[in-house]
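Here is a short briefing on one protein chain. Please keep the sequence and the model side by side while reading.

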Amino acid sequence: MIGKKIQDALNAQITLEQHSAQLYLAMSAHCEGRSFRGFAHWLRVQAQEETKHAMKLFEFVVDRGGRLALAAIAAPPSEFGGITQVFEQILEHEKGITGRINALFELSRAEKDYASEIALQWYVTEQIEEESNVGQILDQLKAVGEQGGGIWYLDSKMGKRGVAT
Ligand code: OFO
């Protein structure tokens, strides 16, 4: 049986992961509106990944006999500026999520909830990948700038991202 403290914190994280999915869908629509269909596609796949992150936690809470308490998801903005700004905002968002995952990890340690600690290890590793991927895209965007052919080449590369399985 899962403790109430960690159960509540995991419930809050499920809502946050779903918020990430909403945010990336809103960003995808924003990119689509500027004809960056590759970036839009990448963001839709990212939104699917976030839903998977939420579902993994959902299964974990339910499997541990916890009570699921879903909260309202904050509405994302609809305007994000240029593509570089979009990715700057994603990186900031992911850094915030990393902080929340680390806090959850610490809590599970403090509560001696070893099952949660093990489950959260996956998220700790995932956040390294999330930040690294987004950081790399951001570096490339800064290198090519938003004028000229470079950004359209990047857009076509982003469009090749495989769908989340
Ligand atoms: Fe779920 O990793 Fe991004 O938010």
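Histidine 53 is in contact with Glu17, Trp122, Tyr123, Glu126 and Glu130, leaving aside its neighbours within four places in sequence. The residue lies in helix α2. Histidine 53 counts as buried because its relative accessibility is 2%, and the cut-off for buried is under 20%. The model is predicted.

**Around histidine 53**

- The side chains of histidine 53 and glutamate 50 are joined by a polar contact of 3.1 Å.
- Another polar contact, of 3.2 Å, joins the side chains of histidine 53 and glutamate 126.
- Tryptophan 122 and tyrosine 123, which histidine 53 touches, form an aromatic pair with each other.
- Histidine 53 and glycine 99 are 46 residues apart along the chain, and their C-alpha atoms are separated by 16 Å.

**Overall fold**

- The protein chain has five helices and zero strands.
- Along the sequence the pattern reads α-α-α-α-α.
- The C-alpha trace spans about 55 × 25 × 25 Å along its principal axes.
- Of the 165 residues in the protein chain, 44% are buried.
- Among contacts with a separation of 6 or more, 81% come from residues 24 or more positions apart.

- Helix α1 has 30 residues. From first C-alpha to last, α1 reaches 44 Å, close to the expected 44 Å at 1.5 Å a residue.
- Serine 35 follows α1 and has a positive phi, near 70°.
- Helix α2 has 27 residues. Its reach from first C-alpha to last is 39 Å, close to the expected 39 Å at 1.5 Å a residue.

**Nonpolar cores**

- In soluble globular proteins, nonpolar side chains tend to be buried together.
- Which members of the largest nonpolar core touch the most other members? Of its 25 residues, they are Met27, Phe39, Leu43, Ile83, Phe87, Ile90 and Leu141.
- Helices α1 (4-33), α2 (37-63), α3 (83-110), α4 and α5 (150-158) each supply at least two residues of this core.
- Helix α1 gives the largest share of this core, six residues.
- Leucine 43 touches Tyr24, Met27, Ser28, Cys31, Val86 and Ile90, not counting residues up to four places away in sequence.
- A second, separate core has 14 residues, including Ala54, Ile97, Ile101 and Leu120.

**Aromatic pairs**

- A pair of aromatic rings is described by the distance of the centres and the angle of the planes.
- The structure holds five aromatic pairs.
- Tryptophan 42 and phenylalanine 87 have ring centres 5.5 Å apart and planes at 55°, so this pair is tilted.
- Tryptophan 42 lies in helix α2 and phenylalanine 87 in helix α3, so the pair ties together parts that are 45 residues apart in sequence.
- Tryptophan 42 counts as buried at 7% relative accessibility. Phenylalanine 87 counts as buried at 0%.
- The pair of tryptophan 122 and tyrosine 123 is edge-to-face, at 4.8 Å centre to centre and 80° between the planes.
- Is tyrosine 123 buried or exposed? At 3% relative accessibility, tyrosine 123 counts as buried.
- Tryptophan 122 is partly exposed, with a relative accessible area of 34%.
- Phe36, Phe39, Trp42, Phe87 and Trp152 form one aromatic cluster.

**Around serine 116**

- Serine 116 lies in helix α4, residues 114-144.
- With 1% relative accessibility, serine 116 counts as buried.
- What does the side chain of serine 116 make a polar contact with? The partner is the side chain of aspartate 113, at 2.8 Å.
- Serine 116 touches Ile2, Ile6, Leu10, Phe60, Arg64 and Ser108, not counting residues up to four places away in sequence.

Key. Residues numbered from 1 in each chain as written. Heavy atoms only, no water. Helix = DSSP H or I, 4+ residues; strand = E, 2+ residues; numbered from the N terminus. Buried < 20%, exposed > 50% of the residue type's maximum accessible area, 1.4 Å probe, protein only. Polar contact = N/O pair within 3.5 Å; in protein donor to acceptor, adjacent residues only side chain to side chain. Contact = heavy atoms within 4.5 Å. Core = buried A, V, L, I, M, F, W, Y, C linked by side-chain atoms within 4.5 Å. Expected span 1.5 Å × (residues − 1). Phe/Tyr/Trp six-rings, centres within 6.5 Å; stacked < 30°, edge-to-face > 60°.
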